[in-house]
Amino acid sequence: MILGAIEAGGTKFVCGIGNEDGEVLERISIPTTTPEETMRLVVDYFKEKKVDALGVGSFGPVDLDVSSPTYGYITSTPKKHWNQYDLVGKLKNHFHVPIGFDTDVNAAALGESLWGAAKSLDSCLYMTVGTGIGVGAVSEGKLVHGMLHPEMGHILVRRHGDDHFAGRCPFHGDCLEGMASGPAIEARWGKKGIELASDSSVWELEAYYLAQALVNYILVLSPKRIVIGGGVMKQEHVYPLVRKWVIQLLNGYIQHKNVEGHIDTYIVPPVLGDNAGLCGALALARQAYANK
């Protein structure tokens with residue numbers, strides 16, 4: 001079986017070919033510009049590949065309700081030109097194969113649960129911390145959906161007493177994404193995160209906000225593993241700080257070995273690395289093919 005995968009991001013579309021075992025055989029990166037330019041290159045890449053199914057994990061918000069007239073659309077995104085864009089419809093015009101569709105972070109959560117850091121577990125949470133903050137979840141072996149899809153990157157967090165930064169989210173100001181995304185770090189400190197690697201105060205504050213979010217997710221969803229990826233988490237020294245704050249903020253309320261004794265293997269980087277989203281898209285393609 002030949003599967004096509006698309007990780008549709010706000011900065012770039014990563015397209016690839018793989019198989020049902022989650023192996024990425026080839027991949028390319030296409031800048032996210034206008035839909036016309038970007039999708040022309042996406043279609044050109046896949047048109048000679050003869051894929052049996054396609055999987056798409058997209059930046060959002062997206063419409064995942066198959067009964068909705070706008071199913072497959074990127075909906076109310078602030079990304080210029082992409083608001084109310086029929087992403088799945090565009091692909092269906094060119095490829096008459098099953099197409100699996102979900103958020104980019106749900107796809108990454110699925111990929112990590114099948115082949116990565118949460119393999120053999122029926123529950124996990126995947127958070128990406130980069131240009132934005134997104135979170136996907138698998139519960140009882142299924143991706144979490146509801147009225148829409150999870151938007152856990154926009155939960156409200158308690159402001160640190162020494163932090164007077166207004167926040168960068170255009171909708172909420174000081175929500176999690178507004179306080180802890182890559183652009184929020186740069187706006188607060190005047191430099192990109194990579195230039196601040198040695199400044200411990202930057203990363204203590206970052207870990208404080210990320211840990212607050214994880215505590216909320218632990219209390220609500222009780223995931224069996226938490227995977228954190230994205231560009232900001234290339235600063236690997238942030239992981240121990242996040243774990244420390246999670247333990248401190250939980251304050252003994254959750255009495256489980258994952259928190260009390262094995263938090264180093266509970267909150268972890270993605271095993272699939274930069275291929276987490278693409279592998280997840282392969283998993284979406286595999287599911288779509290099985291359900292055709």
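The radius of gyration is taken over C-alpha atoms, and the globule rule is 2.2 Å times the number of residues to the power 0.38. For 292 residues, a compact globule would have a value near 19 Å; the chain has 19 Å, which agrees. The structure is a predicted model, in which local features need pLDDT of at least 70, side-chain atom pairs count only at pLDDT 80 or more, and totals for chains, interfaces and linings use all residues. Residues are numbered from 1 along each chain as its sequence is written, and side-chain values use heavy atoms, with hydrogens and water left out.

Along the principal axes, the C-alpha atoms fill a box of roughly 55 × 40 × 35 Å. The chain has 9 helices and 12 strands. These are DSSP runs (helices H or I, at least four residues; strands E, at least two), numbered from the N terminus. Buried residues make up 52% of the 292. Buried means under 20% relative accessible area, exposed over 50%, and partly exposed in between (1.4 Å probe, protein chains only). Of the contacts with a separation of 6 or more, 63% join residues 24 or more positions apart; contact means heavy atoms within 4.5 Å.

The largest nonpolar core holds 43 residues, of which Met127, Leu176, Ile228 and Val246 touch the most other members. Such a core is a set of buried Ala, Val, Leu, Ile, Met, Phe, Trp, Tyr and Cys residues joined through side-chain atoms within 4.5 Å. Elements giving two or more residues to this core include β8 (124-129), α6 (200-221) and α7 (238-250). Helix α6 gives the most, with 13 residues. Leaving aside neighbours within four places in sequence, Met127 is in contact with residues including Ile133, Leu176, Leu210 and Ile228. Another core, of 26 residues, lies apart from the largest one; among its members are Phe13, Leu54, Val56 and Trp82.

Asn106 lies in helix α3 (residues 104-115). Asn106 is buried, with a relative accessible area of 0%. Beyond four places in sequence, the contacts of Asn106 are Gly136, Ala137, Leu143, Val144, His145 and Pro150.

Most residues other than glycine have a negative phi, and most peptide bonds are trans. The bond from Gly60 to Pro61 is cis, with omega near 5 degrees. Pro61 sits in the loop between β4 (53-58) and β5 (73-74). Phi is positive at Glu140, near 50 degrees, and at Asn251, near 55 degrees. Glu140 is in the loop between β9 and β10 (142-143) and is exposed, at 69% relative accessible area. Asn251 is in the loop between α7 and α8 (257-260) and is exposed, at 66%.
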